Amino acid sequence: MDELDRAIVAALLRDGRATYQQVGTQVGLSAPAVKRRVDQLRQRGAIAGFTAIVDPASLGWDTEAYVELSYQGNVSPARLRADLEAIPEVVGVRTITGDADALVHVMAANIAGVESTVERMRALPQVDRTRTTIVMSRLFERPRT
């Protein structure tokens, strides 16, 4: 990935709906040149897809938590994905170092929703324990460039 590719990715992170012409103006390329590079970035997997960033509260997700999830014995990332992907309130999962096996990002309508999601995780085979931290406020999120 060269500097132009990085600039294109940064422009798309700022505004994923920008046209190729708008991105080209920002990075000094023509619209067709930007499209070729974006197609190549997608083909190589550097750009995995496009998504909307929404305000969680506008969707009724007023409560956010992070759950440290520990299994008995070893657990593979594939198993974590299979176990947690089906739970709609789970919006992200990361494998981590330390005592827990994964850090699970949960968003729900209220504390009861977080609690039922944690209970659902606890009911998974071989889950040993959980530790939940409730988010009090979101201060900022930095786009990755």
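The model is predicted, so local features need pLDDT of at least 70 and side-chain atom pairs count only at pLDDT 80 or more, while totals for chains, interfaces and linings use all residues. Residues are numbered from 1 along each chain as its sequence is written, and side-chain values use heavy atoms, with hydrogens and water left out.

**View 1. Asp-2 meets Arg-37 in a salt bridge.** Here the N to O distance is 3.0 Å. Asp-2 sits in the segment before helix H1 (3-14) and Arg-37 belongs to helix H3 (residues 31-44), so this pair ties together parts that are 35 residues apart in sequence. Helices (H or I, at least four residues) and strands (E, at least two) are DSSP runs, numbered from the N terminus. Asp-2 has 34% relative accessibility, which makes it partly exposed; buried means under 20% relative accessible area, exposed over 50%, and partly exposed in between (1.4 Å probe, protein chains only).

**View 2. Lys-35 and Asp-39 pair up within helix H3.** Their side chains form a salt bridge at 2.6 Å, N to O. The two residues are four apart in helix H3, so about one helical turn separates them. Asp-39 is partly exposed at 33% relative accessibility, and Lys-35 is partly exposed at 37%.

**View 3. Arg-122 reaches Glu-119 in a salt bridge.** The closest N and O atoms are 2.9 Å apart. Both residues lie in helix H5 (residues 111-122), three residues apart, or about one turn of the helix. Elsewhere, salt bridges that share partners link Asp-2, Asp-5, Arg-37 and Arg-44 into one network.

**View 4. Strand E1 (residues 63-71) is largely enclosed by the rest of the structure.** That is because seven of its nine residues are buried. Strand E1 is joined to strand E3 (residues 102-108) by seven bridges, and the two run antiparallel; strands pair if DSSP finds at least two bridges between them. In E3, Met-107 is the bridge partner of Glu-64.

**View 5. Strand E1 also runs antiparallel to strand E4 (residues 127-134).** Seven bridges join E1 and E4. Look for Glu-68, which stands opposite Arg-131 in E4.

Technical notes
Salt bridge = Lys/Arg side-chain N within 4 Å of Asp/Glu carboxyl O.
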